[in-house]
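Biologist: Please take me closely through the pairing of the strands, and then through the contact between the chains. Kindly give the cut-offs for each term as you use it.

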Amino acid sequence: MSAFPVQSPPSSSSTKSSAWSPFYAALSPFTSTYNRFSQWRSDLALPSPGSIENLQKEVKSTHLTNFIFDGARADLTKTLSANPAFQVTHSFSLASQTAPSSYNFGAVFANEQVFMQGGVDHEGSVNCRFNRGWSANNVTKMQAQLSSQAGHNMIQLEHDYTGRDYNINAKAINPSPADFSGIYVGSYLQSLTRNLALGFETMCQRPTPEMTEIATSYVAKLTSTDKSWIATALLQQPGILQATYWQKLSEKVEVAADLQVIAASTRRDAVATLGAKWDLRMSTFRAQLDSTGKVSALLEQRFAPTFAFIIGGEIDHFKNAAKIGVGVMIESSTLTPEEMGMPVPPQPPSYP
Amino acid sequence: MPSEETKESLIKVVEVGRTILHYGWIPLIIYVGYTRSTPQPSLIKLISPLA
């Protein structure tokens with residue numbers, strides 16, 4: 001005896017289609033318009049614009065701001081499995097002028113759908129990253145920073161959808177299910193022509209349930225047809241403009257420029273940064289010059305596939321200050337070269 | 001709008017979840033990585049920086 005009476009599928013579908021056909025007929029002008037519109041849109045063959053988060057990705061990887069460090073550091077990476085990827089990292093950093101000595105243990109696990117990354121330092125602070133790809137276009141991300149001190153915790157939930165010629169992203173930072181306080185960000189980027197993409201990002205800040213602040217920033221991205229140069233502009237609410245330009249000069253040389261202008265009523269300021277990156281066979285060299293008088297350079301030299309040496313320095317001419325950093329990266333594996341699927345060169349772990 | 005008790009229990013649940021994530025995230029990655037890797041590594045190689 002069945003608790004749920006089940007209709008036989010063929011009869012139900014046939015009655016359904018006959019009952020619904022007048023509705024379909026009535027809707028046909030709309031559906032045909034929609035079909036024509038989507039056909040016309042796919043005929044345009046607009047490229048995917050990337051995401052707003054990755055708007056300045058090329059510039060950031062060319063400039064050395066995210067790579068430079070001072071003091072000494074050592075990273076010991078151990079690859080335990082290649083597919084699925086499983087890696088543990090022990091990193092030590094000491095003698096920095098700005099930060100105290102620290103030890104960090106990190107672990108990464110990744111397969112086709114899931115990416116998990118975690119790090120814990122000697123004080124017990126944990127950072128987490130979790131990405132889950134539902135399909136090629138849908139990714140849900142979670143990021144968290146957890147420490148034993150109250151007020152230093154951050155959790156961010158994010159969903160990213162990439163369409164054929166657009167990208168939608170929604171984020172919630174420290175959302176509270178009780179009173180809906182927190183920061184919520186939504187962004188949309190759309191390709192308008194083969195070269196131009198426009199978008200916006202709206203941020204809604206609710207520090208308390210009574211207070212809501214909404215700010216919108218606007219984004220434009222211009223890409224050359226052969227993708228050899230990219231220009232972006234980002235306009236934020238209280239008069240902040242950030243413009244960047246990146247160009248690949250040859251297979252090995254990339255240059256990038258960045259201009260940040262603040263023209264608020266209380267503060268007027270501008271900083272320009274010029275940088276270049278050389279990718280050589282066994283090394284990467286980055287050099288950078290900015291309008292605050294800082295000159296910096298960073299060399300990453302790989303002596304063997306498992307051993308890399310990094311040296312970087314920065315001189316601040318206006319403040320008469322300097323800093324220097326040296327580091328080693330040692331990579332080992334418990335796998336034989338055949339198990340690792342050689343000849344894949346080991347990737348250096350990237351530390352922002 | 002939820003009542004005060006619901007709010008308090010929600011906040012408590014979030015706090016417990018946060019603590020579980022804080023202490024359980026690294027062990028979880030190591031467990032998942034250790035059980036899914038091919039070939040399975042030995043535990044000492046997993047933890048020690050020198051082995």
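Modeller: A:Lys141 stands opposite A:Glu158 in β7(A). That position belongs to the pairing of β6(A) with strand β7 (residues 154-162) of chain A, which is antiparallel and spans eight bridges. Strands here are DSSP runs of E with at least two residues, helices are runs of H or I with at least four, and both are numbered from the N terminus; two strands count as paired if DSSP finds at least two bridges between them. This is a predicted model, in which local features need pLDDT of at least 70 and side-chain atom pairs count only at pLDDT 80 or more, while totals for chains, interfaces and linings use all residues; side-chain values use heavy atoms, with hydrogens and water left out. Residues are numbered from 1 along each chain as its sequence is written, and chains are lettered from A and ligands numbered from 1 in the order in which they are written.

Strand β6 (residues 138-146) of chain A also pairs with strand β5 (residues 126-133) of chain A, in the antiparallel sense and over eight bridges. Within this pairing, A:Cys128 has A:Ala144 in β6(A) as its bridge partner. Four residues lie between β5(A) and β6(A), and the two strands form a hairpin.

A further hairpin is made by β1(A) and β2(A), with three residues between them. Nine antiparallel bridges join β1(A) to strand β2 (residues 85-94) of chain A, and A:Ala74 finds its bridge partner there in A:Phe92. Strand β1 (residues 71-81) of chain A is also joined by nine bridges to strand β19 (residues 321-333) of chain A, and these two run parallel.

As to the contact between the chains (heavy atoms within 4.5 Å), chain A contributes 36 residues and chain B 27 residues. The buried area, that is, the accessible area (1.4 Å probe) that two parts lose on being put together, summed over both, is about 2,500 Å², with 76% of it on carbon and sulfur atoms. Zero salt bridges are counted between chain B and chain A, taking a side-chain nitrogen of Lys or Arg within 4 Å of a carboxyl oxygen of Asp or Glu. On the side of chain B that touches chain A, the elements giving two or more residues are α1 (4-36) and α2 (43-47) of chain B. The most come from α1(B), with 16 residues. By class, this side of chain B has 18 nonpolar, five polar and four charged residues, where Ala, Val, Leu, Ile, Met, Phe, Trp, Tyr, Cys and Pro are nonpolar, Asp, Glu, Lys and Arg charged, and the others, Gly among them, polar.
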